[in-house]
Amino acid sequence: MVRNEGNQSSVSMFILLGFSEYPRLQAPLFLVFLTIYTITLMGNLGIIVVIRTSPKLHTPMYFFLSHLSVLDISSSSVFTPKLLGILVVEDRVISFKGCMAQFFFGCAFVITEMSMLAVMAYDRFVAVCNPLLYTVAVSPKLCSLLVAGTYMWGGMCSLTITWSLLELSFCDSNVIHHFGCEYSAIISTSCSDTHFSQLTCFIISTLNEVGSLLIILTSYAFIVVTIIKMPSAGGLRKAFSTCASHLTAITIFHGTVLLLYCVPNSKSSWLLIKVATVFFTVMIPMLNPLIYSLRNKDVKETVRRLITMKLLCPSI
């Protein structure tokens with residue numbers, strides 16, 4: 001399990017401990033996570049299908065929402081299958097390349113989703129504050145450029161952090177106290193100086209978190225001012241309804257991110273980090289489609305119409 005590279009040596013594979021310290025919970029946790037993962041896939045795929053099949057939902061807001069669902073499916077699929085695997089088999093090994101690939105894609109999808117939520121905040125700002133110019137200000141071309149930019153930015157940031165990890169040496173311990181290749185868990189196994197990698201991760205993480213929150217808070221500050229100035233109660237309710245789902249998703253997502261920021265990287269906090277990561281990578285992708293479907297009138301009406309058509313015309 002050790003390979004030599006010049007004067008340095010590093011492990012060729014890692015052992016994921018997962019939740020092995022709780023052997024009696026392995027089977028129940030497997031069933032719980034399998035159920036959540038199934039709901040995540042069905043819910044997000046359902047959102048994508050509903051948006052693609054309904055011309056009424058071919059608007060910038062739902063275009064961004066469909067990509068948010070793609071990101072939720074992707075980010076959940078990076079960690080959950082491996083988590084399910086180590087809960088039912090004794091072989092908890094992941095190769096070094098597999099570990100780095102898992103970290104890269106997990107990090108890329110998280111940063112991309114963070115940027116996507118900021119883009120959706122801008123979309124809500126234009127919709128509420130400049131409704132007459134909405135179709136011009138948020139054109140299909142701009143939507144495509146914004147989405148492409150979020151994916152490219154997420155990939156570049158993740159590639160930079162992953163490269164900083166590849167520069168480290170992992171000489172002695174190959175045990176990761178986690179169910180996946182999460183950054184702090186990987187760093188804790190390194191036997192070389194991690195200062196540069198940690199500094200790189202801190203700068204990129206802070207830049208993304210602060211930048212995303214700044215765009216979101218600025219957008220909603222203008223939205224609040226606009227709503228306050230609305231004379232009719234109907235307009236106020238409509239403006240609030242267009243933002244409520246997005247605000248809920250933002251609160252859950254960034255609240256969990258800030259919690260992970262605040263947790264110290266020590267043995268006493270490993271369990272808390274694992275639980276927070278479970279919520280971040282497993283629960284949030286399941287909650288987003290529920291939030292947007294249960295609180296969104298247009299989505300509920302479209303789903304109801306599709307179900308009615310299917311019942312009346314089962315051959316379609």
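**Ground rules**

I number residues from 1 along each chain as its sequence is written, and my side-chain values use heavy atoms, with hydrogens and water left out. Since the model is predicted, local features need pLDDT of at least 70 and side-chain atom pairs count only at pLDDT 80 or more, while totals for chains, interfaces and linings use all residues.

**Entry 1: cavities**

A cavity here is a set of points, on a 1 Å grid over the protein atoms alone, where a 1.4 Å probe fits but cannot get out; lining residues have an atom within 4 Å of a point. Grid points are joined across faces, edges and corners, and a volume is the space filled by probe spheres set on the points. I find two cavities of 30 Å³ or more.

Helices (H or I, at least four residues) and strands (E, at least two) are DSSP runs, numbered from the N terminus. H9 gives the most, with four residues. I sorted the lining of the largest cavity by class: five nonpolar, two polar and two charged residues. For this, Ala, Val, Leu, Ile, Met, Phe, Trp, Tyr, Cys and Pro count as nonpolar, Asp, Glu, Lys and Arg as charged, and the others, Gly among them, as polar.

The second largest cavity holds about 30 Å³ of space. I list His177, His178, Glu182, Ser184, Ala185, Trp270 and Ile273 around it. Helix H6 (183-187) and H9 each supply at least two residues of that lining. By class, I get three nonpolar, three polar and one charged.

**Entry 2: aromatic rings**

Next I searched the whole structure for aromatic pairs and got 14. Rings of Phe, Tyr and Trp (its six-membered ring) pair if their centres lie within 6.5 Å; planes under 30 degrees apart count as stacked, over 60 as edge-to-face and the rest as tilted. I noted Phe125 with Phe222, a tilted pair at 5.7 Å centre to centre and 55° between the planes. Phe125 is in helix H3 and Phe222 in helix H7 (residues 195-228), so this pair ties together parts 97 residues apart in sequence. Phe222 is partly exposed, at 47% relative accessible area. (Buried is under 20%, exposed over 50%, partly exposed in between; 1.4 Å probe, protein chains only.)

I also found one aromatic cluster made of Phe19, Phe33, Phe79 and Phe179. Lys274 lies over the face of Phe19, 5.3 Å from the ring centre. My test for a charge over a ring asks for NZ of Lys or CZ of Arg within 6 Å of the ring centre and within 35 degrees of the ring normal.

**Entry 3: cysteines**

Which cysteines does a disulfide join? I took a disulfide as a pair of cysteine sulfur atoms within 2.5 Å. The structure holds one. Cys99 is joined to Cys181, S to S 2.0 Å. The link of Cys99 and Cys181 is left-handed, with -130° about the S-S bond. Cys99 lies in helix H3 and Cys181 in the loop between strand E5 (175-176) and H6, so the pair ties together parts 82 residues apart in sequence. Cys99 is buried at 0% relative accessible area, and Cys181 is buried at 0% too.

I then checked Cys157. Its sulfur is 7.6 Å from the closest cysteine sulfur, in Cys107, too far for a bond. Cys157 is buried, at 5% relative accessibility. Cys201 is in no disulfide; the nearest cysteine sulfur, that of Cys107, is 6.9 Å away. Cys201 is buried at 13%.

Terms used: 1 Å grid on protein atoms, 1.4 Å probe; cavity = no way out; pocket = protein on both sides within 12 Å on 5 of 7 lines; lining within 4 Å.
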